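Q: I would like to go through this model with you, one element at a time. Could you set out the terms as we go?

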Amino acid sequence: MALAALAVLLHATGLSADEPIDGVLSLLSERRYSEARSELEPLLKRNPQAARLRLIDGILRARDGRTAEAIVVFEKLRHDRPDMFEPHNNLAVLYAGQGRLDAARESLAAALERRPDAVAYANLGDLHMKLADRAYARARDLGGGIGATAGVAGCGDPEGSPCPAAQAPPPAAAIANEGPLALVAPDGKAPIPIPSARTDAALSSPPRCLHAGRFKDRAAASEAAEWLQARGAELHEIRHEERRVVRNYRVYLPAASDSAAAKAMLRELRGRGIRDVAIIANGTSANRISLGLYRSAKNAERRVAQLRKLGYPAKSAANAGKITEYAVRARIGGTGSGLEAAWTEKFAGNPVRYVDCL
């Protein structure tokens with residue numbers, strides 16, 4: 001289902017008028033996006049700090065589905081030109097597309113502080129509908145279903161009328177004006193839609209949360225957190241965790257009655273050609289016969305089987321301990337499949353799993 005439109009603005013008002021972008025804007029209005037990109041690139045190369053050129057660059061990246069890159073463009077522009085309305089509004093749209101509704105609301109508030117624009121107010125209305133959807137969903141999760149008639153006076157008490165069957169209220173998006181997510185160019189011509197395959201699915205998909213990594217130190221986890229944020233994730237925390245790991249597997253014979261008996265067993269084993277044997281002299285395992293350490297449980301069990309075949313009651317056990325690690329928890333929008341694949345390539349050996357968003 002298409003959701004209510006959240007328009008991205010690029011106004012000429014307040015921006016320098018000497019940037020030669022008329023040709024780019026004409027191509028945008030005709031939806032000739034690849035040609036617009038070709039026209040834009042040399043202009044950007046000559047004047048990489050030009051505000052209007054950077055805004056168009058962000059719009060084209062968003063139009064191509066390169067949302068994370070577009071966010072970086074608009075965030076840098078917002079930092080460089082905090083007075084501008086457009087970067088705040090555009091970021092709100094892209095944040096909403098990733099399910100980052102609170103960040104989107106903050107960006108829209110900042111945009112409206114700079115200019116009371118009609119499109120920004122329309123965006124705010126659509127955003128409130130999405131926030132209502134999220135609130136209803138959380139209410140249903142917590143209460144098992146929130147009825148449209150809940151809270152009717154006298155309903156269900158001994159002297160009142162019976163409560164009607166509870167029905168969950170319709171999602172706000174279902175009663176919104178439907179339309180595609182759109183980018184609006186400064187010439188005021190037709191809006192530029194973002195392809196629904198990339199944006200409508202992202203907007204309608206609920207956000208999910210990741211638990212990512214087994215980093216050995218906090219610095220490495222912080223680097224991974226920054227990588228996720230640059231790709232549109234909303235960081236929740238960097239977690240300090242302890243994990244039980246098996247270091248190796250030991251094979252042994254039960255403890256002998258005393259050290260003399262243990263020495264006698266050691267001589268017997270060696271006399272039968274069994275190597276890698278030793279007496280454990282101290283601790284709770286004193287007078288046991290050690291028969292080797294193995295990296296895998298399979299090899300340890302193979303050694304146990306060989307010794308039992310020779311008549312010795314060998315056993316195996318894991319040597320385990322705790323290690324300290326760091327993991328990143330973050331919220332993402334949409335399916336996250338592309339992000340997960342990129343993570344696996346970038347941070348090999350640091351697994352990702354999906355967890356409940358708190």
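A: Let us begin with a definition: the expected span of a helix is 1.5 Å times one less than its number of residues. Helices (H or I, at least four residues) and strands (E, at least two) are DSSP runs, numbered from the N terminus. The model is a predicted one, in which local features need pLDDT of at least 70 and side-chain atom pairs count only at pLDDT 80 or more, while totals for chains, interfaces and linings use all residues. Residues are numbered from 1 along each chain as its sequence is written, and side-chain values use heavy atoms, with hydrogens and water left out.

Q: What span should the 13 residues of helix 11 have, and what are its end C-alpha atoms apart?
A: Helix 11 covers residues 297-309 and should span 18 Å; its end C-alpha atoms are 18 Å apart, so the two values agree.

Q: Which residues of helix 11 are buried?
A: Ala 300, Arg 303, Val 304 and Leu 307 are buried in helix 11. They cover an arc of only 100° around the axis, which puts them on the same side of helix 11. The arc is that of the directions from the helix axis to the C-beta atoms. Buried means under 20% relative accessible area, exposed over 50%, and partly exposed in between (1.4 Å probe, protein chains only).

Q: Why do residues three or four places apart point the same way?
A: An α-helix has 3.6 residues a turn, so residues at that spacing point the same way.

Q: What do the buried residues of helix 11 pack against?
A: They pack against strand 5, strand 7 (288-294) and strand 8 (315-332). Contact here means heavy atoms within 4.5 Å. The face turned away from the buried side of helix 11 carries the exposed residues Lys 298 and Lys 309. Gly 311, with a positive phi near 95°, follows helix 11.

Q: Let us move to strand 5. Which residues is His 240 in contact with, leaving aside neighbours within four places in sequence?
A: His 240, found in strand 5 (residues 234-253), is in contact with Thr 324, Glu 325 and Tyr 326. The C-alpha atoms of His 240 and Tyr 326 are separated by 4.8 Å, although the two residues are 86 residues apart along the chain.

Q: And where is Glu 237 placed?
A: Glu 237 also lies in strand 5. Not counting residues up to four places away in sequence, Glu 237 touches Ala 327, Val 328 and Arg 329. Glu 237 is partly exposed because its relative accessible area is 34%.

Q: Which side chain does Glu 237 join by a polar contact of 3.0 Å?
A: That of Arg 239. A polar contact is a pair of N or O atoms within 3.5 Å; within protein, one must be able to donate a hydrogen and the other to accept it, and residues adjacent in sequence count only if both atoms are side-chain atoms.

Q: New topic: at roughly what angle do the axes of helix 2 and helix 3 cross?
A: The axes of helix 2 (residues 33-46) and helix 3 (residues 51-63) cross at roughly 145° and come within 10 Å. Axes are lines fitted to C-alpha atoms, for helices over the stretch in contact, and angles run from 0 to 180 degrees between N-to-C directions. Residues making the contact include Leu 40 and Leu 44 of helix 2 and Asp 57 and Leu 60 of helix 3.

Q: Is Asp 57 buried or exposed?
A: Asp 57 is buried, because its relative accessible area is 7%. Asp 57 touches Arg 37, Leu 40, Leu 44 and Val 73, not counting residues up to four places away in sequence. Helix 3 itself is mostly covered, with 13 of its 13 residues buried. Gly 65, which follows helix 3, has a positive phi near 85°.
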